[in-house]
Amino acid sequence: MPDSERKESTTALISGIVDGHRISTRELLQEIYKKLEEGYAEFEVNACGQHDIGGPLWDKDSKPLKFRVKNPGQRLGSMGMKGTTIEIEGSAPADVGWLNAGAEIILKGDGGDTTAHCAATGKIYVAGRTGTRSGALMKYDPSYPAPEFWVLENTGSFSFEFMGGGIGVICGYGCENIDSVLGYRSCVGMVGGVIYVRGNIKELSDEVFLLDLNDADREFLLKGLPVFLEKIGKPELINTLSKGLQGNEPCEWHKIRAKTYQERAVKQQSKSIREFRQQDWVEGGIFGDVLSDDYFVADFVSTGDFRLKFPVWKNAMFSAPCEYNCPIGIPTQKRISFLRQGKTEDALRLVLDYSPFPASVCGQVCPNLCVDECNRRYLDIPVKINDLGLLSSRIKVDSPKVELNERVAVIGSGVAGLGAAWYLRKIGYKVDVFEQDEVFGGKLKQVIPEDRLQKEILEAELQRIIKLGVNIKTKTLVNKELFQKIKNEYDAVVVATGAHNPVVIPFEGHERLVKGLDFLKEINRGQKPGIGEKVVVIGAGNASMDVVIGAYNLGAKEVTAIDIQKPAAFDKEIEHIEKLGAKILWPCFTEKISEKGVHLKDGRLLEADTVIISVGDRPDLSFLEQEYLDEKGMIRINEYNQSEIDLKVFAPGDVRELGLFTHALADGRKVAMNIHRMFTGKALDDFAKAPMIPRDRLKDKFYHPMRGGKVEAMPAEQETERCMSCGYCRDCEYCMEICPEQAIDRVQKPDGTFEYVSDEDKCIGCGICAGVCPCGIWTMEDNLVKFLEE
């Protein structure tokens with residue numbers, strides 16, 4: 001009918017009972033479709049259990065649709081579309097808002113099981129409680145607004161199962177006497193989204209974290225609660241539900257988010273199917289290439305093109321194990337090569353191209369993954385790489401050769417931020433570092449015990465950064481306003497604020513817990529937090545070992561660290577605390593915390609005067625707008641640690657993923673190199689390392705084992721003979737001397753470098769050069785490939 005005759009201001013009245021008989025769902029829905037075609041946009045439906053009311057409907061002219069419904073059946077608002085508003089008087093059975101695709105659903109009573117199940121967008125408001133599995137399988141498509149699910153009271157068990165995205169808000173109003181406002185076994189399989197909850201929680205899945213709110217969370221609730229309460233007709237509750245969201249009152253709200261893949265510590269398959277096929281099955285695949293035979297018969301011993309194989313000098317084409325396993329990629333084999341040539345200054349300065357903390361991190365706090373993988377361990381003991389780092393603590397650096405115009409802001413002065421600042425300043429860029437604390441240096445300065453890190457060495461390396469010209473602005477808290485100003489004034493911004501929000505597991509009695517990170521910071525500030533004689537530390541990672549050390553230094557007589565799995569701390573950290581007298585128990589599953597200590601689920605009580613939790617930390621990114629963050633509250637970045645929202649913003653270190661100091665330094669360096677590439681108009685790079693040299697390419701017989709005691713007494717500078725120089729030519733001339741055809745020559749280049757070359761007119765492809773090369777440089781390549789048919 002013509003638009004002018006449409007009944008735009010008229011409400012269509014639809015009843016589920018006609019002539020005293022209940023009509024079917026199909027008949028009721030057909031009546032709705034008919035009225036929609038007639039031009040009605042508002043519907044009052046007095047149903048009698050008919051289901052799917054308010055489903056995927058839209059007006060042909062995109063006018064908003066409004067439904068007021070009584071006595072509905074299941075799946076009310078199922079697949080409701082954007083522009084549809086559904087208001088239900090009283091309660092509704094199962095599946096309200098199932099697969100919601102944009103509708104606003106206001107339920108002024110209780111919801112049945114699986115309310116908001118599979119919701120993809122839109123908003124669902126519930127004035128009462130909901131049943132089991134509510135919020136399960138909620139999801140989020142970044143092309144649309146995230147779905148929101150607001151509940152005034154509580155949900156049933158198994159709520160938010162397998163949640164993949166969206167926002168849930170469970171207000172817990174009037175539920176003070178309920179054991180758990182989320183029911184039991186909630187959030188199982190949750191991989192995304194966020195849930196705000198107020199009230200008691202029990203049996204929460206171990207696949208999620210229960211966290212305190214940050215400023216962005218408080219802002220979201222303060223903005224959303226008045227809207228929600230107005231929708232359900234209870235605006236008078238705003239003061240009750242917003243208690244603690246402003247001012248200094250204790251906050252009754254918490255936030256739940258899923259653990260990342262790394263945080264779940266999932267055990268990886270040792271070898272992928274692709275690796276098995278390529279490495280263990282048939283070399284080159286099932287089918288071989290076919291050679292064309294020209295029937296020419298070559299001499300048994302030939303040169304040139306008629307050799308079966310020919311040698312290639314592949315110097316530095318592979319990474320040494322120390323270089324490959326170092327997250328920063330420091331090429332220790334090159335440092336020792338400089339020492340072997342008598343270029344000590346160059347050797348000690350080389351590491352400063354990779355890290356401003358060779359002595360503090362590499363020399364002391366790093367677990368030295370490089371040492372663990374050193375090929376020398378197969379002969380006697382690994383090269384003392386950490387001692388080499390200590391030698392670089394006092395090396396001075398020259399000022400930048402040029403002063404460039406671009407300015408870079410670094411937010412946070414941990415190792416990731418300072419690593420980026422260091423590299424950029426060495427190139428010549430102007431760098432300002434913003435730090436909210438009174439001192440700079442991040443967790444190196446604030447957390448690591450002096451037992452593991454000498455303050456004098458750290459201070460020397462921090463001062464070296466300042467002397468290079470990096471400008472440090474302490475006592476500067478970056479909020480949203482300042483961040484926006486920084487973005488406007490600088491050519492690039494590095495967000496490197498680290499992870500300083502301790503994770504607290506919501507055991508019964510968790511309010512008694514001391515947060516490990518705060519505990520260590522107090523110690524490093526010179527304070528002496530009070531602890532008892534018996535201390536239990538929940539967690540057995542590397543940070544937990546620092547907590548154990550701190551407890552002993554404060555006078556604890558008995559310290560026990562517990563974990564649910566094999567301790568994640570490195571062996572040398574465990575050995576350190578065991579020498580102090582500490583014990584590590586695992587697997588231990590905590591039931592609750594009381595004044596007596598830690599109660600385990602197997603019935604044991606670990607007596608403790610003080611219980612400290614150290615199971616990880618989270619970054620605080622509340623100074624960023626929500627658009628910068630993903631569903632898990634982490635910065636949305638690409639493969640170059642570059643923000644997807646603003647390409648001048650980069651995010652290295654713990655704000656991206658928790659790891660070692662060396663991981664953060666590696667991130668900072670890569671970000672700095674990519675900022676330089678961005679300023680100079682080059683494409684960004686992932687700076688992938690060269691593959692690690694296979695051990696069977698090295699020749700152990702070149703080296704002689706040494707007694708461990710003699711090695712320990714040697715200065716690090718004398719490691720020149722012990723280092724096997726994996727994949728990096730040590731210029732021993734063995735190949736040149738042993739070649740039976742005298743086909744190999746050493747060529748000295750004007751820049752001081754050298755290379756070895758093979759004369760194809762003399763070389764017979766015997767492979768002796770590759771057979772004797774101690775470093776695995778010479779490689780025999782197949783010479784027949786050129787004869788293969790194309």
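With which side chain does the side chain of Asn641 make a polar contact? The partner is the side chain of Arg656, at 3.4 Å; a polar contact is a pair of N or O atoms within 3.5 Å, where within protein one must be able to donate a hydrogen and the other to accept it, and residues adjacent in sequence count only if both atoms are side-chain atoms.

All views show a predicted model, in which local features need pLDDT of at least 70, side-chain atom pairs count only at pLDDT 80 or more, and totals for chains, interfaces and linings use all residues. Residues are numbered from 1 along each chain as its sequence is written, and side-chain values use heavy atoms, with hydrogens and water left out.

View 1. Strands (E, at least two residues) and helices (H or I, at least four) are DSSP runs numbered from the N terminus. Asn641 counts as buried because its relative accessibility is 9%; buried means under 20% relative accessible area, exposed over 50%, and partly exposed in between (1.4 Å probe, protein chains only). Leaving aside residues up to four places away in sequence, Asn641 touches Val649, Phe650, Ala651, Pro652, Arg656, Asp667 and Val671, contact meaning heavy atoms within 4.5 Å. Gly653 lies 12 residues from Asn641 along the chain, with 9.3 Å between their C-alpha atoms.

**View 2. Asp563, in the loop between β22 (558–562) and α17 (571–580).** Asp563 is buried but has no salt bridge, defined as a side-chain nitrogen of Lys or Arg within 4 Å of a carboxyl oxygen of Asp or Glu. The nearest side chain of opposite charge is that of Lys259, 9.2 Å away; Lys and Arg count as positive and Asp and Glu as negative, while His and the chain ends are not counted. Beyond four places in sequence, Asp563 touches Gly539, Ala540, Leu585, Trp586, Pro587 and Cys588.

**View 3. The open sheet of five strands containing β22, in the order β20-β27-β21-β22-β23.** Its pairing is parallel; two strands pair if DSSP finds at least two bridges between them. At the edges stand β20 (514–515) and β23 (583–585), each with a single partner strand, so one side of each has no neighbour in the sheet. Val536 stands opposite Thr560 in β22, and Ala561 has Ile584 in β23 as its bridge partner. Four of the five residues of β22 are buried, so the strand is largely enclosed by the rest of the structure.

**View 4. The open sheet of 11 strands, with mixed pairing.** The order is β1-β4-β5-β6-β7-β8-β9-β10-β11-β13-β12. The edge strands β1 (11–15) and β12 (208–211) each have a single partner, so one side of each is left without a neighbour in the sheet. Neighbouring strands are turned by 15° against each other on average, direction ignored; axes are lines fitted to C-alpha atoms, for helices over the stretch in contact, and angles run from 0 to 180 degrees between N-to-C directions. Helix α1 (residues 25–37) lies across β1, β4 (42–46) and β5 (65–70), at about 165° to β1.

**View 5. Helix α8 (residues 358–365), mostly covered.** Eight of its eight residues are buried, among them Val361, Cys362 and Val365. The cover over these buried residues includes α10 (385–390), α12 (442–446), α13 (455–468), α17 and α18 (661–679).
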